[in-house]
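Welcome! Here is a short briefing to read alongside the picture, moving from the whole chain to one strand and then to one residue.

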Amino acid sequence: MFNKKMVTDIDVAGKKVLVRVDFNVPIKEGVIGDDTRIQAALPTIKYLLEQGAAVILCSHLGRPKGEVKPELSLQPVAKYLGTLLEAPVTFAEDCVGEKAEEAAERLEPGEVLVLENTRFHAGEKKNNPELAKAMASLAE
């Protein structure tokens, strides 16, 4: 039908897997208003966990234009995701750099790490290759 690999075509056991998800959901005062996009990502996340992967999730939220805006943090999403999964979910305060690297290094198979909003970095909207390399280096 088509020649693209599916997640089911890859042996992920014991590996750290970076997954771009769409967690751009409405949040008001730390409460998620509509979890449709989170629910849509659950089958892939659960599959990876069942296969023995450590799952690192990255997403954007809103339009912070390269600035850190606490009201656009993905921390409430990580907390909510923890209520949906039967797996430990942690949160990294950045999507690259020391905080993300340390959180990814501690991650074990069967666990999930949600990285902070990718759009807190201006390079995300500009498809900056250095930002992409730094995020990719968190996984295998």
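How much accessible surface does the protein chain have, and what share of it belongs to carbon and sulfur atoms? The accessible surface is about 8,400 Å², and carbon and sulfur atoms make up 50% of it; such areas come from the Shrake-Rupley method with a 1.4 Å probe, and for residues only the protein chains shown count as cover. Please keep in mind that this is a predicted model, where local features need pLDDT of at least 70 and side-chain atom pairs count only at pLDDT 80 or more, while totals for chains, interfaces and linings use all residues. Residues are numbered from 1 along each chain as its sequence is written, and side-chain values use heavy atoms, leaving out hydrogens and water.

**The whole chain**
- The protein chain holds 4 helices and 6 strands, where helices (H or I, at least four residues) and strands (E, at least two) are DSSP runs numbered from the N terminus.
- Along the sequence, these elements follow the pattern β-β-β-α-β-α-β-α-β-α.
- The radius of gyration is 15 Å, close to the 14 Å that the globule rule gives for 140 residues, so the chain is as compact as a globular protein of that length. This radius is taken over C-alpha atoms, and the rule is 2.2 Å times the number of residues to the power 0.38.
- Of the 140 residues, 39% count as buried (under 20% relative accessible area; exposed is over 50%, partly exposed in between, with a 1.4 Å probe and protein chains only).

**Strand β4 and its partners**
- All 5 of the 5 residues of strand β4 (residues 54-58) are buried, so the strand is largely enclosed by the rest of the structure.
- A54, I56 and C58 point one way from β4, while V55 and L57 point the other way.
- Strand β1 (residues 16-20) pairs with β4 in the parallel sense over 5 bridges; two strands pair if DSSP finds at least two bridges between them.
- Within that pairing, V17 has V55 of β4 as its bridge partner.
- Strand β6 (residues 112-114) also runs parallel to β4, joined by 3 bridges, and I56 stands opposite L113 in β6.

**A closer look at A54**
- A54 belongs to strand β4 and is buried, with a relative accessible area of 1%.
- Leaving aside neighbours within four places in sequence, A54 is in contact with residues including K15, V17, L107 and E111, where contact means heavy atoms within 4.5 Å.
- A54 and L113 are 59 residues apart along the chain, and their C-alpha atoms are separated by 8.0 Å.
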